[in-house]
Amino acid sequence: TPQYFVPPAGNVLQIALPLHPVTPEKLSVWRQQWQSKFFDMPKPRWAVMLGGSSGPFVFNPEKAIRLADWLNQSIQKTGGSVLVTNSPRTSSFSYQAFLNTLRVPCLPYHWTAGDPDNPYRGYLACADNLVITGESMSMLAEATATDTPIYIYDLSDCPEGLNIGCKPWWRYPHNFRYRPLVHRLAKYIAPQRMKRDVSRIQKQLVSTGRAAWVGQSGNNPVLTSGSDMQLVVKRVSLLMKVSTNTNQDS
């Protein structure tokens, strides 16, 4: 996938997004299962999927408040409501800051391991707009399986789409924690094959029109981005066929 700096080669298959199990057929089933549970929430329904800190991306209360403020402004113009879920990586302080800042109708879910009533699939199937924190490649990939506008919330310190003042990285205290420091060090001294830049996937989705940045003006076009699953299955099947023929010949 694009976040890895792996050069083209005969034994490398480059795909646009991480593989995922979400299909139009599954979305249809989930929509039937969940739409009645969201009946009382005003439309348009904005499903917000919150991730957490990862490498250089730090999701702190300040960034949570900024996202909630943007949703308040957007929804107060058009009406609607928020369906939101956190994740195992979401800090409780950031999630609470987000919920405390919202001033629009909201249906929150607090992630619990193994909960059969987790509404994540229902959010994907029933939302009118999807808002995803950009550090989560899996959530972004699953969102593209829907025919729903996607907004990416850039968790970097100088976010795309939002007109805020940017400072050098060393002016942000959270960048001196272990993971951000290790990522920054690897960026400069590690060999190319060990580097990773997830913003390449975010920017690809925006440049192709499949997503827009949170804070970006104008309407977000909806372009269906199919999964690369069949491409991968075909490639693996070919490898298995070659391997089987080789074994038979020997």
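Predicted model: local features only at pLDDT ≥ 70, side-chain atom pairs only at ≥ 80, totals over all residues.
**Entry 1: the whole chain**

I began with the secondary structure, which comes to 8 helices and 6 strands. Reading along the sequence, I wrote down the pattern α-β-α-β-α-β-α-β-α-β-α-α-β-α. Next I looked up burial: of the 250 residues of the chain, 44% count as buried. I also checked how far apart in sequence the contacting residues lie. Among contacts with a separation of 6 or more, 69% are between residues 24 or more positions apart.

**Entry 2: helix α3**

Which residues of α3 are buried? In this helix, residues 92–101, I found Ser94, Tyr95, Ala97, Phe98, Leu99 and Thr101 buried. I then asked what these buried residues pack against.

**Entry 3: α2 against α3**

A reminder to myself: two packed helices are described by the angle between their axes and the distance between the axes. For α2 and α3 the angle is about 25° and the axes are 8 Å apart. Angles under 35 degrees count as roughly parallel, so α2 is roughly parallel to α3. I noted the crossing of α2 past α3 as right-handed.

Who makes the contact? From α2, I listed Pro61, Ala64, Ile65, Leu67, Ala68, Asp69, Leu71 and Asn72. From α3 come Phe93, Ser94, Ala97, Phe98 and Thr101. By type, the residues of this contact divide into 9 nonpolar, 3 polar and 1 charged.

I kept one general point beside this list: an α-helix has 3.6 residues a turn, so residues three or four places apart point the same way.

**Entry 4: the nonpolar core**

I moved on to the largest nonpolar core, which has 59 residues. Which of them have the most contacts inside it? They are Val48, Met49, Leu67, Leu71, Phe98, Leu130 and Val131. Helix α2 gives the most to this core, with 6 residues.

Setting aside residues up to four places away in sequence, I found Phe98 touching Val48, Leu50, Ala64, Leu67, Ala68, Leu71 and Val84.

Is Leu71 buried or exposed? Its relative accessibility is 0%, and the cut-off for buried is under 20%, so Leu71 counts as buried. Beyond its neighbours within four places in sequence, Leu71 is in contact with Trp46, Val48, Val82, Phe98, Leu102 and Val131. I looked up one of these pairs in more detail: Leu71 and Val48 are 23 residues apart in sequence, with 9.6 Å from C-alpha to C-alpha.

**Entry 5: two loops**

Where does Thr90 sit? I found Thr90 in the loop between β2 and α3. With a relative accessible area of 10%, Thr90 is buried. Not counting residues up to four places away in sequence, Thr90 touches Leu50, Gly51, Gly52, Phe59 and Tyr95. Phe59 is 31 residues from Thr90 along the chain, and their C-alpha atoms are separated by 7.6 Å.

My last stop was the loop between α1 (24–34) and β1, where Pro44 is found. The peptide bond joining Lys43 and Pro44 is cis, with omega about -5°.

How values were computed. Residues numbered from 1 in each chain as written. Heavy atoms only, no water. Buried < 20%, exposed > 50% of the residue type's maximum accessible area, 1.4 Å probe, protein only. Helix = DSSP H or I, 4+ residues; strand = E, 2+ residues; numbered from the N terminus. Contact = heavy atoms within 4.5 Å. Axes fitted to C-alpha atoms, helices over the stretch in contact; angles between N-to-C directions. Parallel < 35°, antiparallel > 145°, perpendicular 65-115°, else oblique. Left-handed = near helix turned anticlockwise from the far one by under 90°. Nonpolar A, V, L, I, M, F, W, Y, C, P; charged D, E, K, R; others polar. Core = buried A, V, L, I, M, F, W, Y, C linked by side-chain atoms within 4.5 Å.
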